[in-house]
Structures are given as structure tokens and as C-alpha cells.
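Work through the exercises below with the sequence and the model open. Each task is followed by a solution in steps.

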Amino acid sequence: MFRHTKLLQFEAKPEKPDPVYAHKLQELIGGAFGEMSVTMQYLFQGWNCRIEGKYKDLLMDTATEEIGHVEMLATMVARLLEGAPATMTAQAVKDPVMAATLGGMDVQQAIVAGGGALPADSNGTPWNGKYIVASGNLLADFRANAAAEAQGRLQTARLYTMTDDPGVKAMLQFNLARDTVHQKQWLAAIEELKADGLEDDIAPNALFDEEDQTHNHTIWHLSDGPDGAKGSSWTTDAGLDYLMDPEPLGGPGTAPKPDPALYSTYAPLQDAKGTAKGKAKEVKNKLT
């Protein structure tokens, strides 16, 4: 059961409207690493968690908080759009919506949302459930959560530098702090999973005897220069070898003969140069 409290987790009052910044702020709502993504990610991880107790409670507590963050941002966007597009009319453009669009406002916030936030990113791309990770493996999920919070905090930090509005900055300062806490909690929860004997370093903690034993301890050197091998923490310290001259292990990646009904271009010989026409053209080119 969820119950809505009619108060924001933190205040969301800009000093003045700013439709252009409202457009930018959409990224923190409906972007790949926005609050809608972490909300749904933590909710589905929590609902799919097979262990009642502290881990499920951590997921559900954080998910519910993230719902509040969506509400804060949506409220801030609506307040930043106050009076827009009417107050954003350029003298050279009589239509206020066109003027606002040319000025950098998200026209869909006016036309579709009636002066409010959208479940979309800063390009207007609708939020997508494919953004979320909820695998049922808590180690894999908590690592994804820490990464999501890091990306979200990075975008919040960038947006923080794009405004001078004290009200907006105060809310983003709160969001930055909560992203810091959430990164710390997921990293700590990973260590607790290990301490509880539920998971180890590798996810999933299974099939080690089944995997290819020749290739489970080498890093392939596939970039120019010797610098990669200098990373001792991911080579010798981790029990891994840096393979300096790896060789391909498979044959040519040739696709099979196509189904004739698909009308794909196909020649039974190796390449066009080997065909009769190809050879004739080659001879002709040499003569000319």
C-alpha cells in the first residue's frame, strides 16, 4: 500500500519562472538515469526480492523516496513554467508558443502538459521501462543501482551549474545529498550481501566449474600501447593475466546462405572479385 502525503520531501520553489531551464530539468525526471527510472528500478527490485527483511525494506524505502523526488521535480517544472509561454513572447514572433519554442522552451510542456512536466527526457523522448534493471540477483542489482545513482548525481551536478536561481539550487543541493547517500548505501549493501554469505564478488556466484577455464583469468590486450598492463589492481592483484598478443579463436564470421524468399544479395564464391564479371572488370581496368 502506498499513501500520498500532501507535502514535498523538500521545497521546490524557484525565485522566478524559467521555461528554458524547465526544459533542461526534464532529464532528471524522465531520462535514462532520471528519478522515474530509479523509482521503477527499486520498486521492481523490491517486489521481486525473495528475501523478506532488511534488503527488501531498503529497496522499498528508497523506491518510495524516489517517487517523492519525481513529485518535487514535477512541481519545480510547473513553477518554472508559470506564465509561459505568454510571458516569453518575442517581439519578432507573434505566436507565443512559437516564440517560446525559439527561445528554448519545450513546446510539449505547453501543448501536451498544459504548462507542466512530462514523463520524458530533455529531448522529449518518452520515458521507457527498458531503462530499468531488476534481475532478481541482489548483487547485480545493487551494482546497477550504485551506477544509476552515480549517473543521476552527475547529471544533477551539471544542471546545478546551469542555473543561478537560489530556489532551484537549494532543491538540487538536496538532490545531490540524497544521491550521495544512495550511492553509499548500495555500495555498503553489496558488502553486507557478501558478509551475510548471500553473494560473493562475481554475480551470479555459480557455474565457475562449468566456464572455460582457459579464458577466466586473462585480459586481452586489444588497444595500442602497453599502458593497459600497468593496472596492477585489475591484473596481478586480481589474479588476472594480461595477454599481450591475443589471437582470434574462431573462423570467418560468414553468414549462411540466405533463404531465397528473402532476396538477399548472395554469391556462392568468396567475394565479387572472384566472379567472372569481377575478373573481366579487373582486366579491363588494367588495360585502360
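## Salt bridges in a predicted model

The model is predicted, and its count comes to 8 salt bridges. A pair is counted when a side-chain nitrogen of Lys or Arg lies within 4 Å of a carboxyl oxygen of Asp or Glu.

**Exercise 1.** Show that Glu-192 and Lys-54 form a salt bridge, and state which parts of the chain the pair ties together.

*Solution.*
- Step 1: The closest N and O atoms of Glu-192 and Lys-54 are 2.7 Å apart. The cut-off is 4 Å, so the pair qualifies.
- Step 2: Glu-192 belongs to helix 7 (residues 166–195) and Lys-54 to helix 3 (residues 54–80), so the bridge ties together parts that are 138 residues apart in sequence.

**Exercise 2.** Classify Glu-192 and Lys-54 as buried, partly exposed or exposed.

*Solution.*
- Step 1: Buried means under 20% relative accessible area and exposed means over 50%, with partly exposed in between.
- Step 2: Glu-192 has 37% and is therefore partly exposed.
- Step 3: Lys-54 has 44%, so this residue is also partly exposed.

**Exercise 3.** Describe the salt bridge between Asp-196 and Lys-54.

*Solution.*
- Step 1: The N to O distance is 2.9 Å.
- Step 2: Asp-196 sits in the loop between helix 7 and strand 1 (218–220), 142 residues from Lys-54 in helix 3.
- Step 3: With a relative accessible area of 38%, Asp-196 is partly exposed.
- Step 4: Through shared partners, salt bridges join Lys-54, Glu-192 and Asp-196 into one network.

**Exercise 4.** Are Asp-227 and Lys-230 buried or exposed?

*Solution.*
- Step 1: Asp-227 and Lys-230 form a salt bridge, with the closest N and O atoms 3.0 Å apart.
- Step 2: Both Asp-227 and Lys-230 are exposed.

Key
Residues are numbered from 1 along each chain as its sequence is written. This is a predicted model: local features need pLDDT of at least 70, side-chain atom pairs count only at pLDDT 80 or more; totals for chains, interfaces and linings use all residues. Side-chain values use heavy atoms; hydrogens and water are left out. Helices (H or I, at least four residues) and strands (E, at least two) are DSSP runs, numbered from the N terminus. Buried means under 20% relative accessible area, exposed over 50%, partly exposed in between (1.4 Å probe, protein chains only).
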